[in-house]
Amino acid sequence: MKALITGASSGIGRDMARYLAAKGWDLILVARRENRLKELKDELNSVSVRIITTDVGCADCCRELFEMTKDDGVDMLINNAGFGLAGEFAAADLDTELNMIDVNIRALHILTKLFLRDFIARDSGVILNVASSAGFMPGPLLSTYYAGKNYVLRLTEAIYEELRRKGSHVRVSALCPGPVDTEFNDVAKVRFAMKGISSKDCARIAVDGALKGKLLIVPSASIKVGLFFKHFISEKFLLKLAYHFQRKKNER
C-alpha cells in the first residue's frame, strides 16, 4: 500500500507518515522544505519513501505532482498542507490570504479531483482531507482560514454522498481537529486557549478513521462536546463567542 501526503515535513503530516510507515505503507512525501523531507526519509528507512519538493500553492505544480505520481499506485491521498493567518479581515495582508486560499483550498481541490477520478476508475482508494473544527463555525479574526476549512469540510461531505449513492468503494474523510500541538500556532501568530492534543495522537486517530471509511474524524472529546452544544445557540451568539475566543488567541 502507498500513501501520498502533502505538507509532510512537519506536524500532523509528518506524524501521519510515521504512523503509516509503522503499519508498513510505502510513502510519497510532499512539501517545500527538502531538508526536512530528507531527514524524515532517512528516519523511515523500513519502507520505500519518495520525496517530492514542490509548492502546492501553485496550481500547475499540483497538476505536475499528479502527473509525476499517477502511475505509482497511490492508494491513499492525504491533503494536509495548509496554514493560517490571524487578524481582522480588513487589515490582513491580501497576498498572504490569497496564498493561503491557494494552499488550503485550491491545492486540495485540484489533487482531490485528479486522484478521485483515478480512484473511481479502479473502485478503490482513500482520500483524507485535513479540515478543522473551524470548518463547523464562523471565524472572526481568523476569517479566511475558517472560511477555507468550511469549504474543505463541505466539499468532502458532498463527495462522500456522491460516492455513497454510486455504491463506490472509494472512501473520503475529513479530519476536523481542534487545537493540535504543531507549528501552526507560530505561523498563524495565535495561541490556543485550550490545551491541544498531540500531533502524534491526532495523526493516529485520523489515519485509522480514514481507513475505516469514517466521514468526519473529530479526535478531541472537548471539541465533540462543543460541536454538540453549538446547535442550541443562535448564529449571532455563536459569532460573539467565536470572536471572544479568537481575541484571546491573538492576545497571547
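In the predicted model, strand S1 (residues 2-6), helix H1 (residues 11-22) and strand S2 form a β-α-β unit that is right-handed. The two strands of this unit, S1 and S2, run parallel and are joined by five bridges. One of the pairings involves Ala3, whose bridge partner in S2 is Leu27.

Strand S3 comprises residues 49-53 and runs parallel to S2, to which five bridges connect it. Within this pairing, Leu29 has Ile51 of S3 as its bridge partner.

Strand S2, spanning residues 26-31, is mostly covered, with five of its six residues buried.

The cysteines were examined next. No disulfides were found in a search of the whole structure. Cys62 is in no disulfide, because the nearest cysteine sulfur, that of Cys58, lies 7.0 Å away, whereas a disulfide requires the sulfur atoms to be within 2.5 Å. Cys62 and Cys58 were also described by their accessibility. Cys62 is buried, its relative accessible area being 0%. Cys58 has a relative accessible area of 27% and is therefore classed as partly exposed, since buried residues have a value under 20% and exposed residues one over 50%.

Terms used:
Residues are numbered from 1 along each chain as its sequence is written. This is a predicted model: local features need pLDDT of at least 70, side-chain atom pairs count only at pLDDT 80 or more; totals for chains, interfaces and linings use all residues. Side-chain values use heavy atoms; hydrogens and water are left out. Buried means under 20% relative accessible area, exposed over 50%, partly exposed in between (1.4 Å probe, protein chains only). Helices (H or I, at least four residues) and strands (E, at least two) are DSSP runs, numbered from the N terminus. Two strands pair if DSSP finds at least two bridges between them. A crossover is right-handed if, with the strands pointing away from the viewer, the path from the first strand over the helix to the second runs clockwise.
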